[in-house]
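Try each task yourself before you read its solution.

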Amino acid sequence: GDLSFFFNLAPSKFFRYTHAGILVIEDGKPIVYDIAGELSTFKVIYTNSPTGAISGAVQRHDFFEYCKPNYVCSFYDAPADVDVDKMCAFVQKNYKEGKPFDPDFRWKDKESYYCTQFIAESIRAGGGKIPEFTPMNPNKSFQKAISWLEIPIEDTLPAGAFADPKRFVGTLST
């Protein structure tokens with residue numbers, strides 16, 4: 001998306017991917033679930049915080065429609081310690097309930113999720129372990145930017161942290 005470059009700046013080291021979703025086969029069809037926020041320019045005028053104009057919820061996409069606007073989509077099997085049926089049930093339940101997007105990236109808040117928090121909670125629902133957090137970029141300019149955005153995070157869980165080469169399935173690209 002438009003702000004993907006920001007997600008590459010957040011961690012203290014580079015990760016290849018900036019967004020994550022979960023591929024589920026439903027009735028023989030590949031479906032991708034993810035959660036992302038969209039900026040409403042109309043709401044910008046009426047919000048108190050810079051992220052207050054961002055909203056969204058868990059989304060359900062046809063696999064090829066999901067891949068279409070992306071330059072690269074890589075796929076990985078779920079971690080070996082995950083009960084995939086429980087993971088998928090968690091994902092589908094959050095979609096049906098309309099779990100909202102968290103524009104403030106508050107890890108401890110379970111009322112709303114951001115993309116990698118949704119993936120991590122899905123893995124946990126399946127009984128698996130999530131990757132370790134990565135410290136935020138210590139650059140003073142970047143720290144000033146997240147402070148201005150009122151994002152209260154010190155560590156991050158980048159999408160690329162979920163990309164274990166041992167579980168690599170394949171990549172589609174334009």
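**Exercise 1.** Find which residues Pro79 touches, not counting residues up to four places away in sequence.

*Solution.* Start with the contacts, meaning heavy atoms within 4.5 Å: Pro79 touches Ile123 and Arg167, once residues up to four places away in sequence are left out. Before going on, a word on the model: it is predicted, so local features need pLDDT of at least 70 and side-chain atom pairs count only at pLDDT 80 or more, while totals for chains, interfaces and linings use all residues. Residues are numbered from 1 along each chain as its sequence is written, and side-chain values use heavy atoms, with hydrogens and water left out.

Pro79 sits in the loop between strand S6 (72-76) and H4; helices (H or I, at least four residues) and strands (E, at least two) are DSSP runs, numbered from the N terminus. Pro79 counts as buried because its relative accessibility is 15%. The cut-offs are under 20% relative accessible area for buried, over 50% for exposed, and partly exposed in between (1.4 Å probe, protein chains only).

**Exercise 2.** Work out which residues of H5 are buried, and what covers them.

*Solution.* Go along the helix: Cys115, Thr116, Gln117, Phe118, Ile119, Ala120, Glu121, Ser122 and Ile123 are buried. That's nine of the eleven residues of H5, so the rest of the structure largely encloses it. Now look at the cover, which includes S1, S2, strand S5 (58-62) and H4.

**Exercise 3.** Describe how H4 and H5 cross.

*Solution.* Two packed helices are described by the angle between their axes and the distance between the axes. Here the axes of H4 and H5 come within 7 Å and cross at roughly 135°. (Axes are lines fitted to C-alpha atoms, for helices over the stretch in contact, and angles run from 0 to 180 degrees between N-to-C directions.) H4 and H5 are therefore oblique to each other; under 35 degrees would be roughly parallel, over 145 roughly antiparallel, 65 to 115 roughly perpendicular, and the rest is oblique.

Then check who meets whom: Lys86, Met87, Phe90, Val91 and Asn94 in H4 meet Phe118, Glu121, Ser122, Ile123 and Ala125 in H5.

**Exercise 4.** Locate the largest nonpolar core and say which elements give two or more residues to it.

*Solution.* A nonpolar core is a set of buried Ala, Val, Leu, Ile, Met, Phe, Trp, Tyr and Cys residues joined through side-chain atoms within 4.5 Å. The largest one has 35 residues, and Tyr33, Ile35, Phe118, Ile119 and Ile123 have the most contacts inside it. Two or more residues each come from strand S1 (22-26), strand S2 (29-35), helix H4 (84-97), helix H5 (115-125) and helix H6 (140-148). H5 gives the largest share, five residues.

A second, separate core of six residues includes Val32, Tyr66, Cys67 and Cys73.
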